Amino acid sequence: MPLLEAKGVMKRFGGLIAVQKVDYCIEPHTINAIIGPNGAGKTTFFNLMTGIYTPDEGTIIFDGKDITGLKPNKINCAGIARTFQNIRLFGAMTVIENCLVGMHPRLHIDWVQAIVRPPSFSKQEREAQRRVEELLDFVGLRDKANEVAKNLPYGDQRRLEIARALASDPKLLLLDEPTAGMNPQETVAAMQLFRAVRDEFGITVLLIEHDMRVVMGISERVTVLDYGQKIAEGSPDEVRRNPRVIEAYLGRGSAASHV
């Protein structure tokens with residue numbers, strides 16, 4: 001059974017159709033990519049899968065359950081976590097505090113427990129601290145746990161955002177342009193991190209990415225959107241040779257020369 005399946009998903013903004021009846025499927029324990037020119041509807045599709053937008057038509061099934069139209073917090077609790085194209089950390093909070101925020105969906109603490117602090121509260125607090133330290137070690141930020149997030153270098157902020165997403169213990173991790181702004185060394189390290197997320201935690205990964213070296217280097221399946229429509233899907237090699245993909249990126253004349 002697919003981990004996630006979108007059927008006929010559509011989203012309109014006034015007269016603009018941003019996503020046009022897209023069918024999409026993700027198999028468990030895979031690394032997948034969605035690519036396409038600027039304005040192709042990639043981030044809108046992410047927003048539909050994570051509850052920021054509600055589809056005008058179609059359904060989204062995740063882990064065997066219909067999540068169409070659920071609020072973002074409910075979708076996160078169901079097992080989908082994401083990062084954003086523009087980094088959205090809590091800049092005035094420390095690295096470890098940012099990660100602890102990410103653990104909120106998995107904690108069972110109410111306001112009464114927070115005030116009274118029974119043994120069960122202290123136990124959860126210790127377990128959360130331990131788990132967050134493990135995640136920071138995993139992304140290479142353990143030695144910066146007490147630094148303020150806004151003071152981190154750009155690449156480390158990206159890593160922290162991934163650690164915070166992992167803190168919610170997802171089954172599916174969506175990464176929106178995760179290597180944007182990185183230098184070549186940071187990009188290689190990020191690719192290794194994405195593989196480790198799949199291999200060590202068993203988490204399925206879906207990324208939007210413009211760097212084709214990243215897409216072709218780590219993805220098992222690539223889907224191409226153009227003007228909100230799915231125009232191609234397959235292995236990196238199949239997509240790379242697809243005339244419609246070449247046309248979407250390089251123009252009709254160039255596409256003809258590559259066929």
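Why is strand β8 (residues 204-208) largely enclosed by the rest of the structure? Five of the five residues of β8 are buried, so the strand is largely enclosed; buried means under 20% relative accessible area, with a 1.4 Å probe and protein chains only. On one side Thr204, Leu206 and Ile208 are buried, and on the other Val205 and Leu207 are, which leaves both faces covered.

This is a predicted model, in which local features need pLDDT of at least 70, side-chain atom pairs count only at pLDDT 80 or more, and totals for chains, interfaces and linings use all residues. Residues are numbered from 1 along each chain as its sequence is written, and side-chain values use heavy atoms, without hydrogens and water.

Strand β8 has parallel partners. Strand β3 (residues 31-35) pairs with β8 over four bridges, and Ala33 stands opposite Leu207. Strand β7 (residues 172-176) is joined to β8 by five bridges, with Leu175 opposite Leu207. Between β7 and β8 the chain passes through helix α7 (residues 184-201) in a right-handed β-α-β crossover: with the strands pointing away from the viewer, the path from the first strand over the helix to the second runs clockwise. Strands (E, at least two residues) and helices (H or I, at least four) are DSSP runs numbered from the N terminus, and pairing requires at least two DSSP bridges.

An open sheet of four strands is antiparallel, in the order β2-β1-β4-β5. Its edge strands, β2 (16-26) and β5 (65-66), each pair on one side only. Seven bridges join β1 (residues 4-13) to β2, and Glu5 has Cys25 in β2 as its bridge partner.

Technical notes. Buried < 20%, exposed > 50% of the residue type's maximum accessible area, 1.4 Å probe, protein only.
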